[in-house]
Amino acid sequence: MAKNTDFTNFANLRPNYFPGQYLLEDDFELQHKYLSDRQLYHHQSLHLPGIIEGLEVVVIQNSKSVQIKSGAAIDSNGNLIILKEDTTFSDFKNLTDGELYIQYFQSQQNQQQKDVADSYTRWVEKPVFGFASSSPQNSIKLAKLSIKDTITIDATLREYSGLSLPNSDSKALTLRSGGNANPNLAVLTGSLKIDGDLTANGTGKSTYAGSVIVNGNIGIGTTDPGNYKLNVQGDQYNSGSLTINGNITGKNLSLAADNNKRGTLFLATPGDYNHALYNNLSNVDNEGIWDGAKWNVLSGLNIRVGSGNSKTTALYINNTGNVGIGINNPGDYKLNVQGNQYIKGSLTIQDGKVNLNGNQQIVFTDTDTSNNLKLQLWTGYGLGINNSTLFYTANGNHSWRDNQNNERMLLTTGADGGLTVKGTGTSSFAGNLTVNGSVKFGYESTISNFGTAMMSGFYQNGGQEITGDVPDTSHGWTHLITTRHSNTDNNHQLQIAATYQNNDRLFFRKIQFSTNDVSNPAWNEVATRDSNQFTGNQGIAGNLTVNGTFQYNGFTDADQDEWPKFTWYRDTSKNWDEGLIKHGSSRGIFKKAGYGIHLHQSREFGLWSTGWDALFAVEGQTGNTYIKGALLGTAGDSNGAVLREMFGTAKIAFDYTGSIDIYCDTGKGFVKVKTFVIDHPLDQSKYLIHGTLEGPEASVFYRGSSQLVNGKAEINLPDYFEALTHKEGRTIVLTNIDGFDKLMVKKIGQDKIVQGKFYVVSDNPESSQEFDWEVKAIRKDVAPLVVEPNKTDYEVTGHGPYTYAIAKNSTLSS
């Protein structure tokens, strides 16, 4: 079984049938998928892939081919493979050795309409066979073939299907036969627990690769184990370890294996204080006839290891409790260890100390570089390592002292801690210094001349005017920032200074002097919050940004309304601005980049003549435009177009020279009649006048032709249809072409059109009827038309097809 099954596309819906229900192909596909998903999941999760029955492979005599018998199998995807009849196979692809396999395969048949690619009415399942050096995934192996002059079949690789028992760790227990090699053998992966009786009538051997758990008593050599969990009658032989969690009851326990010289377990008799655990009856080192461990309740415990004359004491505990490791005389030490020691865990020394010779070391291994204290002085204090970083931790201050115990440098470890260097010498950093906070360095208030060779830092003049002070000396305090060249033999500095007052005047100067002598070049003012006067010609090589008003001088107070100003205003809190802007092609009306004036909805743009006479105005919110006088133009070439006054009484007229003329009057948002005038296609001395289709609404229509496929068709309208039209008042007209099959529009919920599409169906499920369609809908981007206005509100002018209505007393909205 797969470790994790993907249920994302697993069908959990099925059709609910009722009388008179109209069914489409997706209803039947859903029913099939619902049943198929469950069948495949059952086969895949509760069965093992392999042969179910049949599918034997036999050689066809006098022919380089084999015959596969009919049968069935299951692949790893849960597909059931059925071979209905015996099949001959000979496509060995010039291989002399390989594997013959079978695979699940399905294909489409019975194409209903040749010009419709997906119009097949049947799926047919017919397995395929193959021969390769190794079988592909998701195939069932049938036999291994060796093809020489004759064909030799090896059927041992055939695997038969079995059972899969799911469990909690996704490693299913499986049960299947031993295949052709052991057809009567059931192979179980995992352990087997039997709560009932188990009777084995066979005379062969039983082999268990896993554990055998028996809840009752076991008798070996007896049919009545009695109250014993294991009752063995006869001699036993154990080649491995024997673990007994309890008492041993019996007569004699002998471990001798070679003339009583090895493996003897000697227990003391009454009055004997020696307990020998291992004895080979030797006396090679004059320690008596024993080897291994000797326990004497008077003298202690002695454990010896080695062979022949090389026996040494490994552990010795004397009668005072002193322990020797590698030595048989610990002396006065509670622990005397000869050799290297390895301690995994804590070592606590109370009321004592660790003494090391001068050439000895405390060494930690490289196996643990986690964030741990390696040398702990007391809780929370000590030296540690974190990856490649050595650190010192303490719940207090870090102090560096000289050999007289005088504190020279202090590092505070609190949340707002800092580093204090108490020496007066020079501190240097060979690399970069990064400070994520404030820096106070080079601060000096007693400087008397800004032109001296000062180190990089921050300075102030002490409240008195000094040599080299900034030009603004209205207050005694002046602040200075200076950066010094790395070559301190030269007086090369960049100085930036400001006054103490709140007018924020800023000055700079560059000092370049080849020696440490004093230099006081002139200051340059670079910025101001109040006023700043620049004399002479000024040049700007890049862009100039002005966050305020830019003004030309030279005008009198009486002319202040005419002062030329370039203005821009932006209110980010209200998300609007206004001013002269440059825009890209994506915002241009003609899809071209250019320049324009950006107006807020509460403003207007205007052109005025002498006496503040308004000539042209545009309102920011509505776009209403006021023009004093006629809007005239000059005809261009044959492809040009002009906007000009026509027929005297017309308010707006468009003239597209050489193509089409449109005459209309908008009054005040109302359109009554629109006519189109074009050249007559047959008589050049005449016009052809057409009127537009009229109705009591501003509507749009879409039309087209289509054809049913299996009794159904889907019609897709433009992607902007839903955004352009109201849902109410939509109509659909269908017209049959060359046939009389019944057609209807199938609702989607309560609507005919949803998300710009609708469906046409027939009561004939195999219908391929052709038809025309037309959809009409009401635009929702314009206000409804005034269909029946009062005559007193409108004036009708013109005659014939040129009649139009003009709203009386119409003025430009303000």
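How much space lies in the second largest pocket? About 1,400 Å³ lies there, where a volume is the space filled by probe spheres set on grid points joined across faces, edges and corners. A pocket, on a 1 Å grid over the protein atoms alone, is an open set of points where a 1.4 Å probe fits, with protein on both sides within 12 Å along at least five of seven lines, and lining residues have an atom within 4 Å of a point.

Please keep in mind that this is a predicted model, in which local features need pLDDT of at least 70 and side-chain atom pairs count only at pLDDT 80 or more, while totals for chains, interfaces and linings use all residues. Residues are numbered from 1 along each chain as its sequence is written, and side-chain values use heavy atoms, with hydrogens and water left out.

Staying with the second largest pocket, 34 residues line it, and Glu25, Glu29, Tyr120, Thr121 and Trp123 are the ones nearest its centre. Helix H1 (25–46), strand S8 (106–111) and strand S9 (120–125) each give two or more residues to this lining, and H1 has the largest share, with nine. Helices (H or I, at least four residues) and strands (E, at least two) are DSSP runs, numbered from the N terminus.

Turning to the largest pocket, its volume is about 2,000 Å³, and of the 36 residues that line it, Gln341, Ile343, Leu347, Ile362 and Val363 lie nearest the centre. Strands S25 (335–337) and S26 (372–378) each supply at least two lining residues, and S26 gives the most, namely six.
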